[in-house]
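Keep the structure open as you read.

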Amino acid sequence: MKSFCVSEILLTTLVTLGHSSLQTLRCHFRSFLTLATYWFGKMEHSNFVHLHVHSQYSLLDGAIRFEEACDLAKKYRMTALALTDHGNMFGAIEFYQMAIKHGIKPIVGCEVYVAPGSRFEKKPVEGMEGAYHLTLLVKNRTGYFNLIKLASLGHLEGFYYKPRVDKELLSQFNEGLIALSGCLKGEIAVHASKGEMKKALQSAEAYRKIFDDRRFYIEVQNNGVENQLLVNERLLEIGQQLSLPVVATNDCHYLHRKDAKAHEVLLCIQTGKTLQDSDRMKFSSDEFYFKSPQEMADLFQNIPEAITETVEIASGMF
Ligand SMILES: [Zn+2]
Ligand SMILES: [Zn+2]
């Protein structure tokens, strides 16, 4: 456990007060009390924060509302929380304001889709995914504007079923951003799951080069998906070979385990299927929920540094 940094408290308090209005004064008072409690060290904060979270703005694929997520993050004594919707930043401002109101540090991000080649090539590439996933998080003001550019150009130039960026755009607009390697649909994980370790290593090297100065992280998840533990082992191997830091996330798509069924219905609406269809797209477990720091620590007992790294990352954000 770490004590909450005094300068962060001051900064967050100032930002909070800066947004003051009569309607929100009560909420500010509440967040001020939270900060004051941290200040006096009566409450220890958790050693894990969620850095990969999909809200309702991950259209028809996310069932998390900001107020409920911030309440839960606060209950778990998380000092920060990230938002990483699929391919867009539609919820960024609403999320930012809600987190500030709760005395939580907001980390704006986006899980972007990366085209396997050029974003202008709009046809299937043999043996490749249509788009790989990559988790991007904003570190500072420059990063925020770069992420806006990436999300916009993904729609305007790279749209092929999904808004896609490519490595050329990432090379151009990566300043102020950090990248996590993504879920099982991340480029490195996809190669690793096929046992194509040379390709996985080459991809990791490419991302490490783009996100230099240790801004690229191997992302590991443990949410009950088949093959995942094997892929994690391979990802850790690559991390070791390239001296990349490792970070744990849970790819939260809904708040509680019991919401998994409702999320399944959401996916059916997205894909035009019904629950009776056997060939529909569905998540293979009910573990994509907002797990507690203890649950996360239990899942990553073998790599505790992947848990504490989340707090390190959060403390390095503006
Ligand atoms: Zn993903
Ligand atoms: Zn995700």
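## How H3 and H4 cross

The axes of H3 and H4 come within 10 Å and cross at roughly 35°. Axes are lines fitted to C-alpha atoms, for helices over the stretch in contact, and angles run from 0 to 180 degrees between N-to-C directions. Helices here are DSSP runs (H or I, at least four residues), and strands are runs of E of at least two, numbered from the N terminus.

Phe 66, Glu 67 and Cys 70 in H3 touch Glu 94, Phe 95, Met 98 and Ala 99 in H4. Contact means C-beta atoms, placed from the backbone, within 7 Å.

## About the model

This is a predicted model, where local features need pLDDT of at least 70, side-chain atom pairs count only at pLDDT 80 or more, and totals for chains, interfaces and linings use all residues. Residues are numbered from 1 along each chain as its sequence is written, while chains are lettered from A and ligands numbered from 1 in the order in which they are written.

## The two sides of H3

H3 spans residues 66-75, with Phe 66, Ala 69, Cys 70 and Ala 73 buried (20 or more other C-beta atoms within 10 Å; exposed is 12 or fewer, partly exposed in between; C-beta atoms are placed from the backbone). On the other side, Glu 67 and Lys 75 are exposed. The buried residues pack against strand S1 (80-86) and helix H4 (92-101).

## Two positive phi angles

Arg 77 is not a glycine, yet its phi is positive, about 60°. Arg 77 sits in the loop between H3 and S1. Ser 243 also is no glycine and has a positive phi, about 55°.

Key:
Two residues are in contact if their C-beta atoms, placed from the backbone, lie within 7 Å.
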